[in-house]
Amino acid sequence: METALLVALGLVVGLGIAAFAFFIARPRTAPTDPMADTLADQRIAELGARVQQMGDLLGKAQVQLQTTVNERLDAVTQRLGQSMQTSTQHTVENLQKLNERLAVIDNAQKNLTELTTQVTSLRDVLSNKQARGAFGQGRMESIVQDGLPKSAYEFQHTLKNGKRPDCVVFLPDQRPLVIDAKFPLEAVTALREGKTDDERKLAAQRVRQDVTKHIVDIAEKYLIPGETQDIALMFVPSESVYAELHDGFDDIVQKAYRAQVMLVSPTLLMLAIQVIQQIQKDARMREAADSIRTEVGVMMKDVKLLGERVRKLQQHFNQSSDDVRQVLISVEKIEKRSDRIAQVELGSGEEEEASNVIAAPMFKIEAGNP
């Protein structure tokens, strides 16, 4: 429709231009010819009417075109607005999701930064021998404190030989179990940092020397017959170091077993503490059972004494019953005699004498009357 209107508008404009050009270009008639002027005026009037008609058509077409264009523009504007609104909403949602993901990434970065700081501080701790010893001591103490009551262990306990192990755990027989936390990590660190085969070989040799010496020191200082337990625990503060010793230094582990020194990682120390806790619980139960057994024995003695007293009381009751029976027999005899006396018939002289005698009242003695 828009194309047809444009074509019609073009035709009207073209006709108007052609008519205008025709009147300009037509030859002028002589002014003395009135018929020609009249005819020309008629043609001019007809052409004006046609031009007016074309102008009206052109105006209507222009109005219709403008209406159509406005409608199309409104529809396009509405669609564009909806599209922009939808795009804006999607953009806002995507930005919100992006902000959430950025927040997660930011938190992860913060955690990574904190972890890096902790790893750096841990590396600084492990690089210093005294700090490394304090780290192993602190980790061992936390495991022991979490698993046992305060009365079951003691840190820096003094033995009879004057030695003070890092920790002792008191077992039911009151002989302490020694735990040493001063594991030599310098050689293990050198072994891990070795870049060549020669460096790693020298570091492995140093590991064997240092750990073996530490095992011997523990056995000599802390294994005292009659005072301490027959074994001692050497705490290795790292699971990876413990696994590395078992994988690559089995000879050292065997030497420790033969010397009655057991290597324990943090996990194994936790397990050992749990076992010790159960042993102490069983010992307390046995002590409670002994106390119960003692109390039951005393109670049985009291019950036996009560039975003896009841039997004596029964004897007294039996004796009293026999005495009452004898008394009743005597009473029955007396009653029988009194009846015979009452039935005896006296003579005349005796009757007179008996009439002068006031008869004594007769009382029947029954059991239970005094």
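Guide: Buried means a relative accessible area under 20%, exposed means over 50%, and partly exposed covers the values in between, with a 1.4 Å probe and protein chains only. This is a predicted model, in which local features need pLDDT of at least 70, side-chain atom pairs count only at pLDDT 80 or more, and totals for chains, interfaces and linings use all residues. Residues are numbered from 1 along each chain as its sequence is written, and side-chain values use heavy atoms, with hydrogens and water left out.

Visitor: Why is H157 called buried?
Guide: The relative accessible area of H157 is 18%. Buried requires a value under 20%, so H157 is classed as buried.

Visitor: Where is H157 found?
Guide: H157 is in the loop between strand 1 (153-155) and strand 2 (167-170). Helices (H or I, at least four residues) and strands (E, at least two) are DSSP runs, numbered from the N terminus.

Visitor: What makes the pairing of the side chains of H157 and E154 a polar contact?
Guide: A polar contact is a pair of N or O atoms within 3.5 Å; within protein, one must be able to donate a hydrogen and the other to accept it, and residues adjacent in sequence count only if both atoms are side-chain atoms. The side chains of H157 and E154 are paired at 3.0 Å, so the pair is called a polar contact.

Visitor: With which residues is H157 in contact, leaving aside neighbours within four places in sequence?
Guide: They are K163, R164, P165, V168 and F170, where contact means heavy atoms within 4.5 Å.

Visitor: What makes K182 and D166 a salt bridge?
Guide: A salt bridge is a side-chain nitrogen of Lys or Arg within 4 Å of a carboxyl oxygen of Asp or Glu. The N to O distance for K182 and D166 is 3.1 Å, and the pair therefore qualifies. This pair links distant parts of the chain, 16 residues apart: K182 is in the loop between strand 3 (176-180) and helix 4 (186-193), and D166 is in the loop between strand 1 and strand 2.

Visitor: Buried or partly exposed: how are K182 and D166 classed?
Guide: K182 has 41% relative accessibility and counts as partly exposed, whereas D166, at 5%, is buried.

Visitor: Why is helix 6 called roughly perpendicular to helix 7?
Guide: The axes of helix 6 (residues 239-248) and helix 7 (residues 250-258) come within 5 Å and cross at roughly 100 degrees. Angles under 35 degrees count as roughly parallel, over 145 as roughly antiparallel, 65 to 115 as roughly perpendicular and the rest as oblique, so helix 6 is roughly perpendicular to helix 7. Axes are lines fitted to C-alpha atoms, for helices over the stretch in contact, and angles run from 0 to 180 degrees between N-to-C directions.

Visitor: Which residues make the contact of helix 6 and helix 7?
Guide: L245, H246 and G248 of helix 6 meet D250, V253 and Y257 of helix 7.

Visitor: Why is A259 called partly exposed?
Guide: A259 has a relative accessible area of 23%, which lies between the limits for buried and exposed. A259 lies in the loop between helix 7 and strand 5 (261-264). Leaving aside neighbours within four places in sequence, A259 is in contact with I215, A219 and L223. The C-alpha atoms of A259 and I215 are separated by 7.4 Å, although these residues are 44 apart along the chain.
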